[in-house]
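Please examine the sequence and the structure shown below before turning to the notes.

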Amino acid sequence: MSGTSRRAFLARSLALGVSAPALASMLAACTGDDDEGFGDAQTPEHVSDGTPFKGRIVVAPLQNPPKAAQLALTRAYRKHQPDVEIVWQTKDYSDSRDYERWLNTQLSSNRIGPDIVTSTYAPDFRGYVNLNQYRAQENPYTGQDWEKDYQFALYRELNSRGQRDLLGSDGLHLLWYYNKEIFAQAKVSPPTTWNAVIDVCKKLKAAGHVPLSTNFDYILPGWIASIYFDQYHTAWASATRAQPGDWNWNSDLDGDFDYDANDPLLHAKYTYSAQRFYQALKDQTLRFDTPAMVELITNVIRVFPQYSNGDFFAYTDQYLPFLQGQAAMLVDGSWSLTLLAKDMEGLTAARAKKLGIQQKPVRKFEWDVFEFPAMEGPLVQSRPRSPEGTTGYYLSVVDKDRSHTAMVMDFLMFWMSKPGYSEFLQGTAAANELAPAGPPMVNGIEYPRDVQDLLGKFQQKGVVGPTYGSFWVNGAGGRSTQAFQGLFTDVLQRRIDPQEYATNLQKSLENNFADILRTEGLTEDEVANPARRPGSV
């Protein structure tokens, strides 16, 4: 994963429950004045009365589609709406921070230009359209409710106000990749347990291979930290979920909650309450200086960093060493399923430049994937849950005047349904850039057989991770992030042992707790009263 794709995933990682808690993205939504529950489909907005639209739509998400895809979608839409001009204000950003700066400047203007953007790079902006208001609206291009065209129900990706302000075009799943040829040479098999991971890594290293390509930027502190913390702390879900009377209680969802540690969908079946999370940390109902934490970190340091790539602590693109046959295993998202196949067929000049390598053939090798291996022991509470979410093209709509927003929503409904998305994909294929990051979120889409086979290596189930999953490593921002990540680095580099780590982590939490609440936009009174909607939301 590289460049903007990586940054885009980081921005959406909260949807997978694998990033540090941040109130702006994590607080469960309010029920509102209309008695609709957290994340429920809301009263549909009216898109069109059949009158043709006339105007200009500026499309400016982070991702830059191929020109052929832009043109194909534009032409297809204008067959229905010939008086609507579609302007693509996209480009390849070398760093997503450039897009973030550009977007925030645009949204602070008195006259906002772009209509379709990627909201995760300006999460504090309050003027996005709540797309849930349109999911039950009839799509004029399919004759059915939009939620039958796009899989709204698969993931409940909501902002702090309980609104869905962004759609992703593809589904996402996290996987372990392995080089079958290297595994055969070392006489090892894909591991299914953490102890087996350690054994496989030892044998691979002894055979002269880098066992595992990862990084300290987001794979270990984000994905791995969250998945295995959940294995040891599954029961935290009961302490952090909304309760009757809480401002974000959803009777339909939370009223039916039944705790089952082994339910893969556990964390999708309740409303997370940041106030109850911090309340439990403050009264020490939830703690980090426990035998479970010691065992968890002991397992982690049996693999990292000694079996990872040598530049583990400096950010590197973990994909490239695996592609070039320099590492035997890779932890990555489902986007690499199609990228690996495509890159091995031959690198274009543009692709080689993006990877930062010379344009020359990549040596092909057989590879496959496996799910996250399970840590085992008496303190483990559940099987590992590999969180899912959306990826691909991230699309949000800036709310302007009613008639203009109706026009933009009409275009988005066309794009994110079979009539428009199929044309968009045909243009992408014509540009030889068809490499979906996962199964389509748009219903009725069929990829070529080779792509279907690749994406068929896993199944989307709607699994999400706990929102607090990587808090223990990443904190909440500010001083807590520096402190927590510093301790994590110390234990990885053996400056402290696992018991010292757990003890110091608990002390650091207590010492930084007031700063954490300030960073999260919470007051102590709000934490003590989950029935009160925080003023920052």
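This is a predicted model: local features need pLDDT of at least 70, side-chain atom pairs count only at pLDDT 80 or more; totals for chains, interfaces and linings use all residues.

Residues are numbered from 1 along each chain as its sequence is written, and side-chain values use heavy atoms, with hydrogens and water left out.

**Confidence**

- The protein chain has an average pLDDT of 90, and 91% of the residues score at least 70; pLDDT is the predictor's confidence in each residue, from 0 to 100.
- Over residues 1-36 the pLDDT stays under 50, and for this stretch the model has 121 contacts beyond four places in sequence; contact means heavy atoms within 4.5 Å.

- Helices (H or I, at least four residues) and strands (E, at least two) are DSSP runs, numbered from the N terminus.
- Strand E6 (residues 167-179) is mostly covered, with 13 of its 13 residues buried; buried means under 20% relative accessible area, exposed over 50%, and partly exposed in between (1.4 Å probe, protein chains only).
- E6 pairs with strand E10 (residues 388-397) in the antiparallel sense over six bridges, and Leu167 has Leu395 in E10 as its bridge partner; two strands pair if DSSP finds at least two bridges between them.
- With strand E8 (residues 327-333), E6 forms an antiparallel pairing over five bridges, where Trp176 stands opposite Val331.
- With strand E9 (residues 367-370), the antiparallel pairing of E6 runs over four bridges, and Tyr178 stands opposite Asp368.

**Helix H10**

- Helix H10 (residues 274-282) is largely enclosed by the rest of the structure, because seven of its nine residues are buried.
- The buried residues of H10 include Arg276, Phe277 and Tyr278.

**Aromatic rings**

- Rings of Phe, Tyr and Trp (its six-membered ring) pair if their centres lie within 6.5 Å; planes under 30 degrees apart count as stacked, over 60 as edge-to-face and the rest as tilted.
- The count by this rule is 51 aromatic pairs.
- The pair of Phe229 and Tyr468 is edge-to-face, because the ring centres are 6.5 Å apart and the planes stand at 75°.
- Phe229 lies in helix H7 (residues 219-232) and Tyr468 in the loop between helix H17 (449-455) and helix H18 (471-474), so the pair ties together parts that are 239 residues apart in sequence.
- Phe229 is buried at 1% relative accessibility, and Tyr468 is buried with a relative accessible area of 1%.

**Nonpolar cores**

- A nonpolar core is a set of buried Ala, Val, Leu, Ile, Met, Phe, Trp, Tyr and Cys residues joined through side-chain atoms within 4.5 Å.
- The largest nonpolar core has 142 residues, of which Tyr278, Trp472 and Phe488 touch the most other members.
- Beyond its neighbours within four places in sequence, Trp472 is in contact with residues including Phe229, Phe288, Phe488 and Tyr501.
- Another core, of eleven residues, lies apart from the largest one and has Val117, Tyr121, Phe125 and Tyr128 among them.

**Loop residue Leu347**

- Leu347 is found in the loop between helix H13 (335-345) and helix H14 (349-355), and is buried with a relative accessible area of 8%.
- Beyond its neighbours within four places in sequence, Leu347 is in contact with residues including Leu355, Ile357 and Val362.
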